Amino acid sequence: MSGDRRASLRVAALYAGGFLGPFGGGVVASMLPEIGGDLGVTPGTASSSLTAYLLPFAAVMLVSGTLGARWGRVRTVRCAYALYAVSSLACALAPTLGLLLGARAIQGVANSFTTPLLLAALAAVTPRERLGRVLGTFGACQAAGQTSAPLVGGLSAELDWRLAFVILAVVSVALGAAGLPGDVDADDASEQGAPAGRLRDALTLPVLRVATIAFLGWGALGGLSFLVAFRGEDTFGLTAAQRGLLLTVFGVAGILTARRSGGLIDRWGARRTIVLAAPLGAAAVLVAGTVDLLLVVALVWAAAGVASQMILVGVNTAVLGSSGANRGGAVSVVQSFRFFGAAAAPLALTPLYAVHPHVAFVVPALLLAVAAPLLVLRGTAR
């Protein structure tokens, strides 16, 4: 294989890795009854396989980018894919729920080492004037993985739910074999003349400010899908399939517009784009939670998906386009906050929904509309 073709294959593998992470996390969502029936538990108990993946994923990601920069990105990503493959096979062979949950937790840990390092590798081989569009494409791949996971998982469960994990293992082995493009191991350190992998370079005030925006942006947008599903049933009487279709428009809109969002960021800058997207997303959430017309809810939920991509691509570009040291560790912190936002949303908003459904939408909409732009503008002023 020629050098150019090998380099193109490795870049394609970066995008495929962006797809694999959220796909692996959500693939069990549509096959919980089959998992529960096979392992002798209820579907509700089987749903713990989602939490078992997401909590280690978000927690370890606080430090995974820094550790990867210290150990070497190429070596770390290859090892992470190998661990992901082994844990996927363990999921496929698990005879009990306990073993499945343990294997899912290891999957989450492995994925926490791929996502931020793939983003850092993309930044290392991309000119800064094109970084927004490239990260937008990566965001579209992530959205595609999240959107397609329930469908593919459901189709696999028609044969055998364990088949989905075998497929994940095969794909992760292929991605590990492809490797990363170029010499990206010392990118952060080479710019600053500092040792790679220092946690204090990732936990700076500007990074934590951007990470808080990611927490709000995902928690108050993508993290509200469960509330939209609740409202679809309570207000509109939708079936499970109809609720799933309603939620899908969020991801589809994000897929279709992520690269355009990146192009906007390249022209306007990440911070200006976030300041625009936050109130737009907040308005979409407010309408989705208060208007009693199903078509309007579907349209604004799609608009929320667009705003979400603008914010997420924006925060990634703000960190990876900076000149700070340990950018891989910094984007790792930002991504960790993003998924903690998604995990916190049900805990914080379900009680509010029980008090009054509208309030559960109004509160995150106000936080997103006010707090996110203030954090951006404060960071610009410093």
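Helices (H or I, at least four residues) are DSSP runs, numbered from the N terminus. The model is predicted, so that local features need pLDDT of at least 70 and side-chain atom pairs count only at pLDDT 80 or more, while totals for chains, interfaces and linings use all residues. Residues are numbered from 1 along each chain as its sequence is written, and side-chain values use heavy atoms, with hydrogens and water left out.

**Exercise 1. Describe the largest cavity and the helices that line it.**

Solution. Begin with the term: on a 1 Å grid over the protein atoms alone, a cavity is a set of points where a 1.4 Å probe fits but cannot get out, and lining residues have an atom within 4 Å of a point. Grid points are joined across faces, edges and corners, and a volume is the space filled by probe spheres set on the points. A search of the whole structure then returns one cavity of 30 Å³ or more, and the volume of the largest cavity is about 30 Å³.

Next, list the lining, which consists of Gly17, Leu20, Gly21, Tyr81, Tyr84, Asn111 and Thr114. Helices α1, α5 and α6 (97–124) each supply at least two of the lining residues, and α1 gives the most, with three.

Finally, sort the lining by class, where Ala, Val, Leu, Ile, Met, Phe, Trp, Tyr, Cys and Pro count as nonpolar, Asp, Glu, Lys and Arg as charged, and the others, Gly among them, as polar.

**Exercise 2. Is Thr114 buried or exposed, and which residues does Thr114 contact beyond its neighbours within four places in sequence?**

Solution. Thr114 is found in helix α6. Its relative accessible area is 3%, and Thr114 is therefore buried (under 20% relative accessible area is buried, over 50% exposed, and in between partly exposed, with a 1.4 Å probe and protein chains only). With neighbours within four places in sequence left aside, Thr114 is in contact (heavy atoms within 4.5 Å) with Ala80 and Tyr81.

**Exercise 3. Work out how helices α4 and α5 are arranged and what their contact is made of.**

Solution. The axes of α4 (residues 48–71) and α5 (residues 73–93) come within 9 Å and cross at roughly 150 degrees. Such axes are lines fitted to C-alpha atoms, for helices over the stretch in contact, and angles run from 0 to 180 degrees between N-to-C directions. The crossing makes α4 roughly antiparallel to α5, a label used for angles over 145 degrees.

From α4, the contact is made by Tyr53, Gly68 and Trp71, and from α5 by Arg73, Arg75, Thr76 and Tyr84. By class, these residues divide into three nonpolar, two polar and two charged.

Conventions: Parallel < 35°, antiparallel > 145°, perpendicular 65-115°, else oblique. 1 Å grid on protein atoms, 1.4 Å probe; cavity = no way out; pocket = protein on both sides within 12 Å on 5 of 7 lines; lining within 4 Å.
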